[in-house]
Amino acid sequence: MTSITLKSVEKWFGAAQVIKGVDLEIQEGEFVIFVGPSGCGKSTLLRMIAGLEETSRGQILIGDRDATAEPPNKRGLAMVFQSYALYPHMSVRDNVGFPLKSAGLSKADIAAKVDEAARVLKLDAYLDRRPKDLSGGQRQRVAIGRSIVRDPTAFLFDEPLSNLDAALRVEMRYEIAKLHQTLKSTMIYVTHDQVEAMTLADRIVVLEFGKIAQVGKPRELYENPANLFVAQFIGSPRMNVAPAHSAAKLSLPQTATSFGIRPEHITLVEAGTGTIDGTVDVLEYLGADTFVILSCGAAGQMTVRVNGNSTLQPGDVVGLLFSEPDIHAFDADGLSC
């Protein structure tokens, strides 16, 4: 495993700049996730690290080595794509061992490495099957196994779970988390799914329009977002945001033009006794929790997380009591204040 450092890296496609001077240090053995909306540059940045996209300006260091101009096969990295890209006519054993066969290793060495990868990924029982006989999650594990046998200095994952259904995504999140604990390798993972980011990452890099909006541990980004973009991107359901003038009872900084509060930091009380009042529009029952969506006048729409046993009905008028220590204030530029 190794560290990876980006120094003022930029990517231009003609006159369009898609990566705008990114500086980032990824430590040995760290699991870092790039997250952000479509078009923010996260996959482009990953491909630059892999060498699949040329770096227009800046430096990419792998360990202490300047790898900016190195081709992909010289960087010692393994990439796992959204597409499994398995050979359909080959067994799982042959798919996993293919990179080693291409590199000219002996049959004994290939067998040993394939068996070890299969043990780590729990693929022992499937080594003689063809890809068509596997589930989507098993195929993704085979693709990961093909990377493991190369003993890379770091793993790069480009939205590896996006082709899987909801249940398999949960299963594979667990598998990837356990894989990182077992291998202790440096991993960089790209996703648009902030739930994946929150549950897997040591640190999250939130990208916005080719720039880093914030870097931090999942809890840090959730509890202390640096700006309005991060505040609304991290968290599900997203943070409620309203104009500062819509809640006269709040004590906000003078520079605040808006404030935010998460659904779990609002308590529903009798109308007239809370911070603001609202009318119940929609109830989203999820078992243990219910999300109550309310119309709150000048404050707009608000979502509140309540117990799943709630007896509220659409049309009910209630008060929303905000937990003031959990309120986030933002200035006219969208920065936390």
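**Entry 1: the sheet**

I count two strands as paired if DSSP finds at least two bridges between them. The model I have open is a predicted one. I looked up an open sheet and found five strands in it, in the order β13-β17-β14-β15-β16. Their pairing is antiparallel. I then asked which strands stand at the edges. They are β13, covering 266–269, and β16, covering 301–307. Each of these has a single partner strand, so one side of β13 and one side of β16 are left without a neighbour in the sheet. I noted the twist as well, which averages 45° from one strand to the next.

**Entry 2**

I went to β13 and looked up its partner. β13 pairs with β17, residues 317–322, in the antiparallel sense. I noted four bridges for this pair. For one position I looked across the pair: T267 has L321 of β17 opposite.

**Entry 3: H328**

I picked H328 next, which I found in strand β18, residues 328–330. Is H328 buried or exposed? Its relative accessibility is 14%. Buried means under 20%, so H328 counts as buried. I also listed what H328 touches, leaving aside its neighbours within four places in sequence. The contacts of H328 are E223, P225, M239, S258, F259 and G260.

**Entry 4: the largest pocket**

I turned to the pockets. The largest pocket holds about 320 Å³ of space. I found 18 residues lining it. Which of them lie nearest the centre of the largest pocket? They are L77, A78, M79, F81 and R150. I checked the elements behind this lining: β6 (77–80) and α4 (136–148) each supply at least two residues. The largest share comes from β6, with four residues. By class I have 13 nonpolar, three polar and two charged residues in the lining of the largest pocket.

**Entry 5: the second largest pocket**

I gave the second largest pocket its own entry. Its space is about 250 Å³. I wrote down its lining as M90, R93, D94, G97, F98, K101, K107, I110, A111 and V114. Two or more of these residues come from each of α2 (92–102) and α3 (107–121). Which element gives the most to this lining? It is α2, with five residues. I sorted the lining of the second largest pocket by class and got five nonpolar, one polar and four charged residues.

How values were computed
Residues are numbered from 1 along each chain as its sequence is written. This is a predicted model: local features need pLDDT of at least 70, side-chain atom pairs count only at pLDDT 80 or more; totals for chains, interfaces and linings use all residues. Side-chain values use heavy atoms; hydrogens and water are left out. Axes are lines fitted to C-alpha atoms, for helices over the stretch in contact, and angles run from 0 to 180 degrees between N-to-C directions. Buried means under 20% relative accessible area, exposed over 50%, partly exposed in between (1.4 Å probe, protein chains only). Contact means heavy atoms within 4.5 Å. On a 1 Å grid over the protein atoms alone, a cavity is a set of points where a 1.4 Å probe fits but cannot get out, and a pocket is an open set with protein on both sides within 12 Å along at least five of seven lines; lining residues have an atom within 4 Å of a point. Grid points are joined across faces, edges and corners, and a volume is the space filled by probe spheres set on the points. Ala, Val, Leu, Ile, Met, Phe, Trp, Tyr, Cys and Pro count as nonpolar, Asp, Glu, Lys and Arg as charged, and the others, Gly among them, as polar.
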